[in-house]
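The following note sets out numbered remarks on the model displayed below. Each point is intended to be read alongside the coordinates.

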Amino acid sequence: MSERQRADARRNYARILAVAADEVAAQGAAASLEQIARTAGVGSATVRRHFPTRRALLEAVSRERIEALRARAQELAGEGDSRDALLAWLGEVVAYCVSARGLAAALAYDGAGTDPAHENSCSAALEEAAGPLLRRAAQDGAVSTGVTVADLITLIVGIALATEHYPDPAAQAGRLFRLAVAGLSPQA
């Protein structure tokens with residue numbers, strides 16, 4: 001491939017990604033790949049060459065948000081109460097998932113977890129980032145030792161997907177997250 005073609009491919013990638021970010025923000029995870037191609041001024045084959053699956057596109061669109069969540073987990077890792085730090089981070093993941101349409105779908109488990117070629121890079125990045133938060137909370141007895149970051153992400157994805165069509169998805173997602181944290185039993 002010539003240098004010119006590589007520059008064109010880079011420009012196409014950037015243009016497709018920018019259009020996809022707008023389209024996913026407007027339409028969510030079901031954003032039309034064909035509409036993205038038309039708006040970006042490329043063929044649908046070009047979109048599929050850069051993003052062979054919808055998940056690959058959603059992960060690319062979500063990359064900045066995932067990086068921000070990774071950085072936040074690192075900030076919170078050594079701060080104050082381990083339970084509060086973990087819950088603060090999880091609350092931020094809930095807020096991101098609700099405000100960034102498509103992010104919950106990018107984090108959703110798709111059953112391909114045993115195939116490294118289909119690894120969910122968004123979830124893997126968050127699992128790695130949140131590992132120290134969860135381990136510290138478990139060591140402090142604030143979280144059951146059997147709980148995994150994958151469990152928590154799955155819970156958050158479920159909440160975000162279940163509330164995305166509510167009139168106020170953020171309020172409903174926050175309420176359900178607090179309910180999940182508190183449990184169903186009344187406080188003694």
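1. Leaving aside its neighbours within four places in sequence, Cys97 is in contact with Leu103, Ala104, Leu107, Ile156 and Ala160; contact here means heavy atoms within 4.5 Å. Cys97 is also one of the residues that touch the most other members of the largest nonpolar core, together with Ile36, Leu86, Trp89 and Leu107. That core holds 52 residues. A nonpolar core is defined as a set of buried Ala, Val, Leu, Ile, Met, Phe, Trp, Tyr and Cys residues joined through side-chain atoms within 4.5 Å. Two or more residues each are given to this core by α1 (3-27), α2 (33-40), α4 (54-76), α5, α6 (103-107), α7 (121-139), α8 (149-163) and α9.

2. On provenance, the model is predicted: local features need pLDDT of at least 70 and side-chain atom pairs count only at pLDDT 80 or more, whereas totals for chains, interfaces and linings use all residues. Residues are numbered from 1 along each chain as its sequence is written, and side-chain values use heavy atoms, with hydrogens and water left out.

3. As to overall architecture, the secondary structure of the chain comprises nine helices and zero strands. Helices (H or I, at least four residues) and strands (E, at least two) are DSSP runs, numbered from the N terminus. The C-alpha trace spans about 65 × 35 × 30 Å along its principal axes. Of the 188 residues in the chain, 37% count as buried, where buried means under 20% relative accessible area, exposed over 50%, and partly exposed in between (1.4 Å probe, protein chains only). Among contacts in the chain with a separation of 6 or more, 66% are accounted for by residues 24 or more positions apart.

4. Which helix packs with α5 at an angle of about 150°? The partner is α9 (residues 169-182), and its axis and that of α5 (residues 82-99) are 10 Å apart. The pair is therefore roughly antiparallel. Axes are lines fitted to C-alpha atoms, for helices over the stretch in contact, and angles run from 0 to 180 degrees between N-to-C directions. Angles under 35 degrees count as roughly parallel, over 145 as roughly antiparallel, 65 to 115 as roughly perpendicular and the rest as oblique. On the α5 side, Arg83, Leu87, Leu90, Gly91, Val94 and Val98 meet Pro169, Ala170, Ala173, Phe177 and Val181 of α9. By class, this contact of α5 with α9 has nine nonpolar, one polar and one charged residues. Ala, Val, Leu, Ile, Met, Phe, Trp, Tyr, Cys and Pro count as nonpolar, Asp, Glu, Lys and Arg as charged, and the others, Gly among them, as polar.

5. Helix α5 also packs with α7: their axes come within 8 Å and cross at roughly 155°. Accordingly, α5 is roughly antiparallel to α7. The residues that meet are Ser82, Arg83, Ala85, Leu86 and Trp89 in α5 and Leu126, Ala130, Leu133, Leu134, Arg136 and Ala137 in α7. The contact of α5 with α7 divides into eight nonpolar, one polar and two charged residues.

6. For α7 and α8, the packing angle is about 120° and the axes are 9 Å apart. The angle makes α7 oblique to α8. The contact is made by Ser123, Leu126, Glu127, Ala130, Gly131 and Leu134 of α7 with Val149, Ala150, Leu152 and Ile153 of α8. In this contact of α7 with α8 there are seven nonpolar, two polar and one charged residues.

7. Is Thr163 buried or exposed? Thr163 is buried, with a relative accessible area of 0%, and is located in helix α8.

8. Arg72, in helix α4, is partly exposed, with a relative accessible area of 23%. Beyond residues up to four places away in sequence, Arg72 touches Trp89 and Glu92. The C-alpha atoms of Arg72 and Trp89 are separated by 7.1 Å, with the residues 17 apart along the chain. Arg11, in helix α1, is partly exposed, with a relative accessible area of 41%. Its C-alpha atom is separated from that of Ala105, 94 residues apart along the chain, by 26 Å.
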